[in-house]
Amino acid sequence: MTEEHVDGTDEGEGDDAPEVELAYGVPVAVSRGQRVLHPTRDQLLGVVEELRSDGYLVCVDLCGVDYSAHPGRSLPLGVVGERFEVVVNVLNHLDRDRVRLRVQVPEDDPTLPSLFDQYPGTEAMEREAYDMFGLTFDDHPDLSRILMPEDWVGYPLRKDFAVGSVPVQFKGAPEAR
Amino acid sequence: MTVADPTIIDLGDDSGVRRRTGSPVLRLSEADAAALADVPAEAGDQRMVINMGPQHPSTHGVLRLMLEMEGETVLRCKPIVGYLHTGMEKTGEQLSYLQGPTNVTRMDYASPLFNELVFSLATEALLEIEAPPRAVWIRMLMCELNRMSSHLLFQATNGLDLGAVSAMIYGWRLREDMLRLFEKITGLRMNHNYIRPGGVAADLPDGWRDDTLRLLDSFPDKLDEFDQLLTGQPIWRERLQGVGVLNTAECLALGVTGPLLRSTGYDWDLRRDQPYLAYDEVDFDVLVGSYGDCFDRYAIRLNEIRESMRIVRQILERMPAGDYRIQDKKVTPPPRARIDESMEALIHHFKIFTEGFKVPEGEVYVAVESPRGELGCYMVSDGGPHPYRMHIRGPSFVNLQCLPHLMAGGLLADGVAIISSVDPIMGDVDR
């Protein structure tokens, strides 16, 4: 995840590559009629600050997604997909409008800034994302597991976390009497 | 026992008054809290960390609180959740879209139909299909009935928590009548799996209108009994008024929604402000409080039952005829009668139930107003027959964050009233 992906000029898009659509200075897309912003980790706090001043006062939801099993997902021009995404939904009560932020988080450095200072309500949601995906949020006041036990090892909602792998101990068939 | 707490400042003017600044959230791990037991108490330090729950009967299931107390006063608190965590979001990734509602309906078990609704709406948004009008109105009917039964459950448990045990019987009796109606319509009292992508599982049964009307007609008198028993009663008011006060700014900052947000005087209801289903075609009021205390939250929920009855009456008048599920062969299995006579229909039926239908790639967030607040579903599809990621934004999970703010500075006995007034459903918190 580096700065050079942001301007959408890399990856050899051809001579007259279509222009990247921008809102709040970051690529924007529309998914099923819903506006989605794609800030980088470095842009996240700035975009959130601008959104807040535009009246998006409530962060309704924050969750992680692990895209390791879905490599070819469609992303707007200028956004390079990483393994993890953090999805933030913010709500503007006055305009009755929602905006979604999708932040790419690479596997080898799964950290991003915490939104706790802007939206204190993200405390539990970021703890959940940490618990389930192992994403760490810088400057979070209490980054600890929330749903799993404190001493749990592994991140359950990652795609490589197996389901139903608890060994079952079978006993031998009862002997004939 | 001592917990390092930089947020207490001694005024130092011989008044003995200590003022708190900073957060009322106790950010202490369970291991650290356990280690505190060995620390000898300093002379004059009355503070201690105690545990409440998860088996305490007033904590609505398995909520555990770590409380920092000074005498009977709660200084800071930390809700510890996860005792009911069953990995439903992970399970949801293994199930097809048609099986999905069976899974999500078990999350918020007091209002299961809302979970099914939000899951179905998210799936339909990804498929870019719309349920036919009758399905929409049936969904609305069921959801409003469910809102009533959920708020009745609140009235029952709220009374029980505060020692008004008869309120529990009154609330339970009414809820029982509703669950009987649910059983008649959906086949199950709870966890219905009735609202499914594309519509609802079955059409309304014969006599549903009379049954619903009979229920509605019996309700006003019985709801007035709550007013007689509780609303004006001095003990009830003493226990609730001015207890657990929250203001609008705190609610918005913490992402708190639903009756808690409305109790602060802020009128925000997704049914009116971002209408889904056909809520823009029915007439109802959004109820708000003025003080943001436990009493306002009690009164709002009681009167929301009456508002829901108003909506249900309008639905009864205007229920359209037609299909109860979308006639899209990709999504809807063929009718049972066709299976007997057509091999293709049998194959079609088999394919839909074994493989499931494929949903185009994309991601969507859908929110509905559940009895507890904004219930959201963020769904990602990779083009396959299972959701790639299915995240439920549980209103109880987010609302629970305001608990330390509500309890700080109050008495532990009030804490029970406060937990009750937040109305957390632990299945929704832990998922």
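Predicted model: local features only at pLDDT ≥ 70, side-chain atom pairs only at ≥ 80, totals over all residues.

Guide: A salt bridge is counted where a side-chain nitrogen of Lys or Arg lies within 4 Å of a carboxyl oxygen of Asp or Glu. A:Arg98 and B:Glu374 form such a pair, and their closest N and O atoms are 2.9 Å apart. Between chain B and chain A the count is seven salt bridges.

Residues are numbered from 1 along each chain as its sequence is written, and chains are lettered from A and ligands numbered from 1 in the order in which they are written.

The extent of the interface can be given in two ways. By contact (heavy atoms within 4.5 Å), 49 residues of chain B meet 53 residues of chain A. The size of an interface is often given as the accessible area lost when the parts come together. Buried area here is the accessible area, with a 1.4 Å probe, that two parts lose on being put together, summed over both. Its value between chain B and chain A is about 4,100 Å², and carbon and sulfur atoms give 51% of that area. On the side of chain B, the residues that lose the most area to chain A are B:Arg27, B:Lys90 and B:Tyr388, together 17% of what that side buries.

Between chain B and chain A, 33 residue pairs are in polar contact, both residues being at pLDDT 80 or more. Strand β8 (residues 362-370) of chain B gives the most to the side of chain B that touches chain A, namely five residues. Strands (E, at least two residues) and helices (H or I, at least four) are DSSP runs, numbered from the N terminus. The residues on that side of chain B comprise 22 nonpolar, ten polar and 17 charged. In this division Ala, Val, Leu, Ile, Met, Phe, Trp, Tyr, Cys and Pro count as nonpolar, Asp, Glu, Lys and Arg as charged, and the others, Gly among them, as polar.

Two residues show the interface in detail. A:Ser31 is found in strand β2 (residues 26-31) of chain A. A polar atom of the A:Ser31 side chain lies 2.5 Å from the backbone oxygen of B:Glu363. Not counting residues up to four places away in sequence, A:Ser31 touches A:Val36, A:Arg100 and B:Glu363. Buried means under 20% relative accessible area, exposed over 50%, and partly exposed in between (1.4 Å probe, protein chains only). A:Ser31 has a relative accessible area of 12% and therefore counts as buried.

The second residue, B:Gln401, sits in the loop between α15 (395-399) and α16 (403-407) of chain B. With its neighbours within four places in sequence left aside, B:Gln401 is in contact with A:Pro120, A:Gly121, A:Glu123, A:Ala124 and B:Leu254. B:Gln401 is buried because its relative accessibility is 12%.

Chain A has two helices and eight strands, and 53% of its 177 residues count as buried. Strands of a sheet pair through backbone hydrogen bonds, either parallel or antiparallel. Two strands are taken as paired if DSSP finds at least two bridges between them. In chain A, six strands form an open sheet of mixed pairing, in the order β1-β2-β3-β6-β5-β4. The edge strands are β1 (22-23) and β4 (58-66) of chain A, each pairing on one side only. Within this sheet, strand β5 (residues 84-92) and strand β6 (residues 97-105) of chain A run antiparallel and are joined by nine bridges. A:Val87 stands opposite A:Arg102 of β6(A).

Notes
Heavy atoms only, no water. Polar contact = N/O pair within 3.5 Å; in protein donor to acceptor, adjacent residues only side chain to side chain.
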